[in-house]
Amino acid sequence: MKNLVGALCMVFASLAAAHTQLKSSVPAPKGTVAAPVREIELEFGGDVRLTAVVLTDGQGGQKKVADVPTKVASRFAVAVQEDLGPGAYTVTWRAVGADTHVVSGDFAFTVSTAAPR
């Protein structure tokens, strides 16, 4: 019985690891950028359908971004449609993987200077 439980744990762990996750982003998680942020780039470990990208400032105010692309891909660029002043920001994303599982996450970054006008 102990071997069966161990085998089931390994199967469930491998299934959980199979879900496509965020591989990298620009700006980088916990990164600081000095230049204006004109877009959010997301790269996943496999093809997904991106369903949401929300950008918020340190006070929780939502910043305007373009609609998410409708294509299935592993890389996306979503335009930031307003200037980001100095401060902390959070990107929250959601996507559907090829296995039809919803994956989501968030990451924070800091802008060290205001965008020029």
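Biologist: Phe 44 and Phe 76, are they buried or exposed?

Modeller: Phe 44 is buried, and Phe 76 is buried as well, where buried means under 20% relative accessible area, exposed means over 50% and partly exposed is what falls in between, with a 1.4 Å probe and protein chains only. Please keep in mind that this is a predicted model, in which local features need pLDDT of at least 70 and side-chain atom pairs count only at pLDDT 80 or more, while totals for chains, interfaces and linings use all residues. Residues are numbered from 1 along each chain as its sequence is written, and side-chain values use heavy atoms, with hydrogens and water left out.

Biologist: OK, and how many aromatic pairs are there?

Modeller: Rings of Phe, Tyr and Trp (its six-membered ring) pair if their centres lie within 6.5 Å, and planes under 30 degrees apart count as stacked, over 60 as edge-to-face and the rest as tilted; by this rule there are 3 aromatic pairs. One of them joins Phe 44 and Phe 76, which sit edge-to-face at 6.1 Å centre to centre with 75° between the planes.

Biologist: Which strands does that pair tie together?

Modeller: Phe 44 lies in strand β3 and Phe 76 in strand β5 (residues 72–79), so the pair ties together parts that are 32 residues apart in sequence. Strands here are DSSP runs of E with at least two residues, helices are runs of H or I with at least four, and both are numbered from the N terminus.

Biologist: And what about Phe 44 with Trp 93?

Modeller: The ring centres of Phe 44 and Trp 93 are 5.1 Å apart and their planes stand at 75°, so that pair is edge-to-face. Trp 93 belongs to strand β6 (residues 87–97) and Phe 44 to strand β3, so here the pair ties together parts that are 49 residues apart in sequence. Phe 44 and Trp 93 are both buried, and Phe 44, Phe 76 and Trp 93 form one aromatic cluster.

Biologist: Switching topic: how many salt bridges do you count?

Modeller: A salt bridge is a side-chain nitrogen of Lys or Arg within 4 Å of a carboxyl oxygen of Asp or Glu, and by this rule the count comes to 5. Among them, the side chains of Arg 38 and Asp 83 meet at 3.2 Å, N to O. Arg 38 lies in the loop between β2 (32–33) and β3, and Asp 83 in the loop between β5 and β6, so this pair ties together parts that are 45 residues apart in sequence. Arg 38 counts as partly exposed at 45% relative accessibility, and Asp 83 counts as partly exposed at 27%.

Biologist: What does Arg 75 form a salt bridge with?

Modeller: Its partner is Glu 43, the closest N and O atoms being 3.2 Å apart, and since Arg 75 lies in strand β5 and Glu 43 in strand β3, the pair ties together parts that are 32 residues apart in sequence. Arg 75 counts as exposed at 55% relative accessibility, whereas Glu 43 is buried at 17%. Salt bridges that share partners join Lys 23, Glu 43 and Arg 75 into one network.

Biologist: What else does the Asp 57 side chain reach?

Modeller: The side chain of Asp 57 reaches the backbone nitrogen of Gln 59 at 3.0 Å, and one of its polar atoms lies 2.7 Å from the backbone nitrogen of Gly 61. A polar contact is a pair of N or O atoms within 3.5 Å; within protein, one must be able to donate a hydrogen and the other to accept it, and residues adjacent in sequence count only if both atoms are side-chain atoms. Leaving aside neighbours within four places in sequence, Asp 57 is in contact (heavy atoms within 4.5 Å) with Lys 63, Ala 88 and Tyr 89.

Biologist: Last one: what pLDDT does the chain average?

Modeller: The chain averages a pLDDT, the predictor's confidence in each residue from 0 to 100, of 85, and 80% of the residues score at least 70. Over residues 4–17, however, the pLDDT is below 50, and beyond near neighbours in sequence this stretch has 0 contacts in the model.
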